[in-house]
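Visitor: Could you take me through one part of this model in detail? I would like a close look at the charged side chains and how they pair.

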Amino acid sequence: MTPDLTIGVVGPHDLVERVMLMGHAAAPVPCRLVAAAYRDEQEAADKVTRLGPNVDACLFSSPAPYEIARRAGVLTMPATFVQLGGAALSAAIAQAAMDERIDPRRVSVDVLSRAEIDEAYTDLGLPSEEVHCRDEPGAVGVIAAFHERLIRQGASTGALTCVPGVAERLAAAGLPVVGIRPTSAAIRTALHTAALLGAHHRLEESQLTVVLVEVPTLREPVRRAAPRYWRDELRLSLHRLLVQEANRMNSSVWPIDDHSYLVVASRGSIAAATDGFRVLPFAAKIRDELGLAVEVGVGMGRTTHDAETHARGALGRSQGAKNSQGFAVDREGRALVPAPRMPPNAAGAAKPKGVEVLARLAAKLEGGDTVVDAESAGKMLGVTPRTARRLLRTLVDEGLAWPLPPNRTPAPGRPRQLYRLIVEKLNR
């Protein structure tokens, strides 16, 4: 009997609890759900890292945490998310229409793509030309500032948000907001997809894999007299070491000839031992304990013959190469070169650029005046007015500055665009 699949559920506490309660009945195969709840979307990558290799698939509560984890490079397993377009967005639009403060034809929407928004409005027979969209993931403060700016400028009558933290912040500021919550049907569909992805991943991990290990020192002819027992003892030590390492991976070892060995294992066991096919198997251990350099080729296939053929192709490709990339070949005969792994906290480690610019400007403001234009900001930052104008627009997009009405003068040329810096946000 196939062991139960394990699916990690990543999202805010309330939505994770909702998925867990629906759980097993929605999955097409037996599965176990593991909760990985967070307080802020930026914690998604860390939650996935903590789940580690103990899950067969990840299910995210919305596209936002999925995209953050994907960009951080921590998704080493199949992953999907609960769709918030379609029926979920239509329900939010209907709820917004019941709020007398909100005109659903003039709102701002986050996380969802323009195509998803246009499709939902078309289905409802509503125009979407004045619906503002931000589909880029970001911190709660940045997304909330996007909605707040549009509402206060009168370009939007309310916010439709997929991020619970954004809904809380806007509601606390007294701004009209409706949360886009997944429907029960969307959760069932996502659970079904996650289970199928996990089952397929489990089959992929059990895929037959052959590792060929060759020792150039033993392959080269002896050019001067050397005791025969030296080579015999080296082969014995090498075979013993390979058997020890193979046992840890539940694999088997056979000597092929005087200088090469064949290891039969599963794809999952080799992937775990090589950091996802990023480092050569066995090579570091053999080098550290026996002082030998080895050449390695890994092949996968539907049969042992196919896997060994691919392993020999990979070995030939890697011999004489300057690096070990491409030492593994999948069952279709293609070189398996995994993407570089990023540090778990890479997605949220960098300080937002807008905050840095605001801090530099605030340090040079005089007399408590927080109004600047491109020319004065450029002098403070040591950049051209054109660059300063672009940086000031970045501050506006991140909710760190407000554009003021243009300062019209009798002089010809473009009127000066003034911006009020919101330096109070540096203390939050």
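Salt bridges and their surroundings

Guide: In this predicted model, Arg248 counts as exposed, at 60% relative accessibility. The partner of Arg248 in a salt bridge is Glu245, with the closest N and O atoms 2.2 Å apart, and Glu245 is buried, its relative accessible area being 17%, which is under the 20% limit for that term. Both Glu245 and Arg248 belong to helix H10 (residues 228-248), where they sit 3 residues apart, about one turn of the helix.

A second pair within a helix is found in H5 (residues 114-124), which holds Arg114 and Asp118, 4 residues apart and again about one turn of the helix. Their side chains meet in a salt bridge of 3.4 Å, N to O; Arg114 is partly exposed at 31% relative accessibility, and Asp118 is likewise partly exposed, at 27%. Asp103 and Arg105 also join their side chains in a salt bridge, at 3.1 Å from N to O, and Arg105 is partly exposed with a relative accessible area of 43%.

Beyond these pairs, salt bridges link Glu67, Arg70, Arg71 and Glu136 into a network, and the whole structure contains 15 salt bridges.

Methods
Residues are numbered from 1 along each chain as its sequence is written. This is a predicted model: local features need pLDDT of at least 70, side-chain atom pairs count only at pLDDT 80 or more; totals for chains, interfaces and linings use all residues. Side-chain values use heavy atoms; hydrogens and water are left out. A salt bridge is a side-chain nitrogen of Lys or Arg within 4 Å of a carboxyl oxygen of Asp or Glu. Buried means under 20% relative accessible area, exposed over 50%, partly exposed in between (1.4 Å probe, protein chains only). Helices (H or I, at least four residues) and strands (E, at least two) are DSSP runs, numbered from the N terminus.
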